[in-house]
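Open the model in your viewer and keep the sequence panel at hand. The stops below are meant to be taken in order.

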Amino acid sequence: MFEFANPKRFMDLSGKLLPWLAIASAILIAAGVYLGLFLVPRDYQQGDTVRIMFVHVPATWIAMMAYGIMAVASVFGLVWRHPLADVAARSAAPLGALFTALALITGSLWGKPMWGAYWVWDARLTSFLILFFLYLGYIALWNAIDDEVRAGRAAAVLALVGAVDVVVVKFSVDWWNTLHQGESIFRAGGPLIAPVFLWPLFLMAFGYTFLFFTLWIVRIRTEILSRRARTLQARGVAG
Amino acid sequence: MTALGGLRGERLTLARGEHQLFRDLSFDVSAGDVLSVEGPNGAGKTSLLRLIAGFLEQSAGSIALRSGSGETITDAEERAKFVGWLGHSDGIKPQLTPAENLKFFARYHRRGDMDSALDRMSLRRIRDLPAQYLSAGQKKRVAFARLMLVGRPLWLLDEPFSSLDAEGRALAAELITRHCGGGGIVVAATHEPLGVPCRHLQLGLA
Amino acid sequence: MPALAVGPRVSSFLALINRDVSLAARAGGNVLLAISFFAATAALFPLGVSVNPAFLFRIAAGVIWVAAVLACLLSLDRLFQADYEDGSLDLLALGPLSLESVTLAKIVSHWLTTGLPLTLISPILALLYRLPQSGTEALAISLLAGTPAVSAIGAIGAGLTASVRRGGLILPLIVLPLLSPVVIFGAGAVLATLDHISNGALPLLAAFSLGSVLLSPFAAAAALRLHLAA
């Protein structure tokens with residue numbers, strides 16, 4: 001895997017991979033949406049609004065996956081000083097934040113018909129709200145430190161601390177929610193039991209995953225290209 | 001203070017980000033030597049000092065410290081324990097008096113005679129004045145007093161004579177001479193002559 | 001932790017705590033700042049919401065806890081930055097203590113000048129919120145158990161932003177999400193007493209504090225090494 005450390009090899013490989021990833025994500029998401037909108041029956045309790053679940057739940061999975069990827073990239077950056085690790089982590093963060101925001105917004109939309117309010121202090125939504133702030137803090141730290149190498153290492157430390165802490169956060173929010181017997185949109189296992197509901201869910205999940213990787217690779221490539229441009233520029237000035 | 005054997009840097013290369021500061025830099029000094037590191041601004045004098053102190057890591061090359069007992073130390077963290085540091089900023093807490101500043105370091109390092117250090121740098125008059133009221137030169141003297149108090153054998157000094165008046169320089173030069181006489185080593189990054197016999201290391205030649 | 005072997009290093013450790021606490025306790029230091037912010041915030045809340053005693057009873061734990069966390073945050077951005085800027089951090093790092101021990105000493109002195117004083121004046125604030133005796137005790141105990149975590153995790157944020165000029169602006173953004181368990185368990189511990197139930201919040205809070213005090217020196221020291229390598 002350290003073959004990909006060479007930016008040129010990475011650019012070549014990712015360039016070839018990219019169109020396939022993009023096409024795969026488009027197909028999977030389209031299929032998931034079609035199944036979710038038209039082929040899945042209405043839920044006897046929630047009616048049509050349950051269909052938001054097909055957008056919301058996979059988004060939560062990708063939001064968490066993105067943080068995991070950020071944490072792993074951070075380890076590679078700190079421990080093995082892998083040259084692309086910092087770029088990879090930095091590129092993943094805004095995407096993770098986006099999917100988290102998507103999860104929060106769709107979760108809010110799902111809650112509105114049921115509870116009449118756009119925000120519900122559900123354990124899941126609350127955890128993801130905190131995750132959203134963790135992403136923002138990570139991005140802010142990157143932007144706050146001028147030296148790129150140091151910014152990358154500092155952000156890596158933060159990502160790892162966050163990864164450990166987020167486990168405790170999840171636990172504490174769940175604990176808090178049961179304590180307050182708060183509202184829960186997602187408690188009912190009902191909609192998720194029937195297998196017919198699983199198909200669109202997994203299609204969307206895979207579709208999102210491919211979408212994430214597509215966008216992520218695009219961002220990494222952009223970053224590599226802009227660094228090349230800066231180096232050339234610096235040499236041009238000196239020469 | 002434990003005497004040293006020597007300090008050798010071999011083919012040191014240091015890069016800061018994309019910018020290379022120096023390449024294949026070598027030096028070799030023994031106990032009692034003063035090494036004057038010279039060069040224009042931005043040449044990497046401070047970075048070399050921080051490299052020797054163990055704050056920075058070199059991209060290539062090695063630094064070996066020989067202790068008085070003949071042991072050779074190549075690990076940066078180990079080497080740091082031998083370093084007496086006088087950096088660009090003086091490290092004096094403005095809310096504390098020179099006496100209080102030195103008393104902390106005496107306790108922190110569990111050694112040192114605060115009073116004789118203050119006397120040696122001619123600070124008795126102002127020892128109980130909060131450092132924020134002192135001039136830059138006076139604070140520098142306190143920093144030198146701290147060097148003497150902590151008693152580490154390898155002195156790394158960054159622009160040691162800046163802001164010192166003639167008397168301060170004389171006192172500092174005397175301190176350096178005594179230190180070297182006792183088997184210590186001094187590496188100083190400086191723009192101006194130190195007034196003591198020294199070896200020279202030039203940085204920043206293309 | 002290897003660096004804290006009992007013996008001569010302990011006196012260096014205590015010397016550092018002593019220095020930082022006396023610096024913070026001076027006029028213009030941070031102790032008074034934390035206390036006044038804490039008291040003012042907690043006192044301001046009822047003005048904005050309601051002084052209905054039943055209502056105050058329900059919100060006291062959460063409000064006082066959030067005010068405490070914010071008050072502790074105030075002095076965090078200078079925790080390492082002051083030493084970094086005047087060159088003291090270089091000297092501390094070159095001293096007899098490991099950088100992890102240095103950060104632990106800083107965490108302890110930060111707590112002694114924020115968390116501890118806040119715990120001591122919390123009974124007065126409990127009075128403002130008409131908490132019963134049991135609630136006042138529970139509040140003080142929860143603050144005592146939980147504020148070390150605020151200093152510890154805050155120190156990580158302070159270490160990461162030590163060389164950032166306006167580090168104080170992003171420090172809350174970094175640290176507050178990480179501290180959500182402290183507020184949840186801390187207020188939860190008080191509410192348990194007020195509702196006469198047992199919900200295990202206090203042991204969880206203590207465990208979180210212990211864990212963060214033991215682990216954060218490593219993260220904070222790693223962050224400081226980055227800035228020392230500038």
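This is a predicted model: local features need pLDDT of at least 70, side-chain atom pairs count only at pLDDT 80 or more; totals for chains, interfaces and linings use all residues.

Residues are numbered from 1 along each chain as its sequence is written, while chains are lettered from A and ligands numbered from 1 in the order in which they are written.

**Chain B as a whole**

Within chain B, strand β5 (residues 72-73) has the lowest confidence, with a mean of 88, and strand β6 (residues 83-86) the highest, at 96.

Switch to a cartoon. Chain B has six helices and nine strands; helices (H or I, at least four residues) and strands (E, at least two) are DSSP runs, numbered from the N terminus. The radius of gyration of chain B is 17 Å, close to the 17 Å that the globule rule gives for 206 residues, so chain B is as compact as a globular protein of that length. That radius is taken over C-alpha atoms, and the globule rule is 2.2 Å times the number of residues to the power 0.38. Along the principal axes, the C-alpha atoms of chain B fill a box of roughly 50 × 35 × 30 Å.

Of the 206 residues of chain B, 41% count as buried. A residue is buried if 20 or more other C-beta atoms lie within 10 Å of its own, exposed if 12 or fewer, and partly exposed in between, with C-beta atoms placed from the backbone.

Select residues 45-53 of chain B, helix α1(B). Eight of its nine residues are buried, so α1(B) is largely enclosed by the rest of the structure. Among the buried ones are Leu48(B), Leu49(B), Leu51(B) and Ile52(B). Just after α1(B), Gly54(B) takes a positive phi of about 95 degrees.

Next take α5(B), residues 136-150. From first C-alpha to last, this helix of 15 residues reaches 21 Å, close to the 21 Å expected at 1.5 Å a residue; the expected span is 1.5 Å times one less than the number of residues. In α5(B), 13 of the 15 residues are buried. Gly151(B) follows α5(B), with a positive phi near 70 degrees.

Which strand holds Asp24(B)? Asp24(B) is in β2(B), residues 19-30. Its phi is positive, about 50 degrees, although Asp24(B) is not a glycine. Asp24(B) counts as exposed, with 10 C-beta neighbours inside 10 Å.

Move to Glu159(B), in the loop between β7 (154-158) and α6 (166-181) of chain B. Glu159(B) is not a glycine, yet has a positive phi of about 50 degrees. With 18 C-beta neighbours inside 10 Å, Glu159(B) counts as partly exposed.

**Where chain B touches chain C**

Show chain C as well. In the contact, 18 residues of chain B meet 18 residues of chain C, two residues being in contact if their C-beta atoms, placed from the backbone, lie within 7 Å. On the side of chain B that touches chain C, β6 and α3 (98-109) of chain B each supply at least two residues. The largest share of that side, four residues, comes from α3(B).

Key:
pLDDT is the predictor's confidence in each residue, from 0 to 100.
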